Amino acid sequence: MTDQQQPPTAAVPPRTAGGHPIPPPRRGADWMFGGVYGTVLASGLLAALDQKGGEYTPFYDASWVLVTAATAALAHGYSHHMTTHQAGSAAHRWRVLSRALWHEWPMIVATLPTVLLLLIAGLAHWESYGVTAVGLGLNTALLFAWGAFIAIRVGYRLGSALLIGLADATIGLAIIVANALIK
């Protein structure tokens, strides 16, 4: 190469005072991931925990939805941390891990409507079939809302955002169909 033909330089990411790369900021799409994933997780657990002919235990089911959501959030945050390993001190790695785990809160929050429904069902002695049907319908509506709201937030126009919400709701409908076919 001649002096006039320099190889292109890669953009150097900003670094902390300690020389560590600063991770990119979290965006609305991360909320969408957590919201959609948590809602789908809650729907799947709601359908699976309701066994025809089995004892209905809404308080037990609510606790398992929360425990599973927290475990999934921890596993997801940890796996993201491990796949973006950066050199640096142990203290820095622990801070990055803590931040990665903290960013998983939307997944847990997204399961709370199902948990609340199960708690109310336990207090009101509602039948499991109705609770499961209402919960799966509610979660399908929430999937639509997560998709449409976040799509608008990250810059999609209203029509496209509604289509994205509809695509997310289709996941909920798939769980409803699977629940009907399996049971």
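Histidine 125 sits in the loop that joins helix 5 (112-124) to helix 6 (128-153). The model that contains this residue is predicted. Although histidine 125 is not a glycine, it has a positive phi of about 60°. Its relative accessible area is 67%, and histidine 125 is therefore classed as exposed, since exposed residues are those over 50%.

### Overall architecture

The protein contains seven helices and zero strands. Read from the N terminus, the order of elements is α-α-α-α-α-α-α. The protein has 183 residues, of which 32% count as buried. Among contacts with a separation of 6 or more, 73% are between residues 24 or more positions apart. The protein exposes about 11,400 Å², and carbon and sulfur atoms supply 70% of this area.

Helix 3 covers residues 90-102, which makes 13 residues. From its first C-alpha to its last, helix 3 reaches 18 Å, close to the 18 Å expected at 1.5 Å a residue. Four of its residues, His92, Val96, Leu97 and Ala100, are buried. Viewed down the axis of helix 3, the buried residues fall within an arc of 135°, so they line one face of the helix. Which helix do the buried residues of helix 3 pack against? They pack against helix 2 (58-83). On the other side of helix 3, Trp94, Arg95 and Trp102 are exposed.

Phe144, Ile152, Leu158, Leu162, Leu163 and Leu166 make a nonpolar surface patch of about 570 Å². Helix 6 and helix 7 (158-182) each supply at least two residues of this patch. The largest share, four residues, comes from helix 7. One member of the patch, leucine 158, lies in helix 7. With a relative accessibility of 55%, leucine 158 counts as exposed.

The table sets out the two residues for which an individual accessibility has been given.

| Residue | Location | Relative accessibility |
|---|---|---|
| Histidine 125 | loop between helix 5 and helix 6 | 67% |
| Leucine 158 | helix 7 | 55% |

In summary, the predicted model has seven helices and zero strands. Helix 3 has buried residues that pack against helix 2, while helix 6 and helix 7 both contribute to the nonpolar patch.

Methods: Residues are numbered from 1 along each chain as its sequence is written. This is a predicted model: local features need pLDDT of at least 70, side-chain atom pairs count only at pLDDT 80 or more; totals for chains, interfaces and linings use all residues. Side-chain values use heavy atoms; hydrogens and water are left out. Buried means under 20% relative accessible area, exposed over 50%, partly exposed in between (1.4 Å probe, protein chains only). Contact means heavy atoms within 4.5 Å. Accessible areas come from the Shrake-Rupley method with a 1.4 Å probe; for residues, only the protein chains shown count as cover. Patches are made of residues with over 30% relative accessible area and no salt bridge: like charges are joined within 9 Å, nonpolar side chains (Val, Leu, Ile, Met, Phe, Trp, Tyr) within 5 Å. A salt bridge is a side-chain nitrogen of Lys or Arg within 4 Å of a carboxyl oxygen of Asp or Glu. The expected span of a helix is 1.5 Å times one less than its number of residues. The arc is that of the directions from the helix axis to the C-beta atoms.
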